Amino acid sequence: MVPLAQSAGALLCRGGPALVKRCASPTCHTFFYDTSKNHNGRWRSKACGNPLRVAAHFRRKRASH
Ligand SMILES: [Zn+2]
């Protein structure tokens, strides 16, 4: 039990608060732990990015007309 707790604590310390981000989705804004390689994650999950992409797609479509 003790080694498990220690490793969990070490993980939290190594990550630091800088890797805790707020989801970029306007309908979500959930705080999440950025585990991406370059720490450039913007959404809590991939599904969170889809609404934004869909909205951008419709904006482009409307602007072309
Ligand atoms: Zn989200």
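Among contacts in the protein chain between residues at least 6 apart in sequence, what percentage join residues at least 24 apart? The share is 13%, where two residues are in contact if their C-beta atoms, placed from the backbone, lie within 7 Å.

The structure is a predicted model, in which local features need pLDDT of at least 70 and side-chain atom pairs count only at pLDDT 80 or more, while totals for chains, interfaces and linings use all residues. Residues are numbered from 1 along each chain as its sequence is written.

**Overall organisation**

The protein chain contains two helices and two strands, and from the N terminus on these elements follow the order α-β-β-α. Helices (H or I, at least four residues) and strands (E, at least two) are DSSP runs, numbered from the N terminus. Of the 65 residues in the protein chain, 3% are buried. A residue is termed buried if 20 or more other C-beta atoms lie within 10 Å of its own, exposed if 12 or fewer, and partly exposed in between, with C-beta atoms placed from the backbone.

Most residues other than glycine have a negative phi. Histidine 29 has a positive phi near 55°, and histidine 39, also not a glycine, has a positive phi of about 55°. Histidine 29 is placed in the loop between strand 1 (20-22) and strand 2 (31-33), whereas histidine 39 belongs to the loop between strand 2 and helix 2 (46-63). Histidine 29 is exposed because 11 other C-beta atoms lie within 10 Å. Histidine 39 likewise counts as exposed, since it has 11 C-beta neighbours inside 10 Å. When residues up to four places away in sequence are not counted, histidine 29 touches Arg22 and Cys23.

**Tyrosine 33 and serine 45**

Tyrosine 33 is part of strand 2, and it is exposed because it has 12 C-beta neighbours inside 10 Å. Serine 45 lies in the loop between strand 2 and helix 2. This serine is partly exposed, because 13 other C-beta atoms are within 10 Å of serine 45.

**Separations in sequence and in space**

| Pair | Separation in sequence | C-alpha to C-alpha distance |
|---|---|---|
| Histidine 29 and arginine 44 | 15 residues | 8.6 Å |
| Tyrosine 33 and cysteine 23 | 10 residues | 9.6 Å |
| Serine 45 and aspartate 34 | 11 residues | 9.9 Å |
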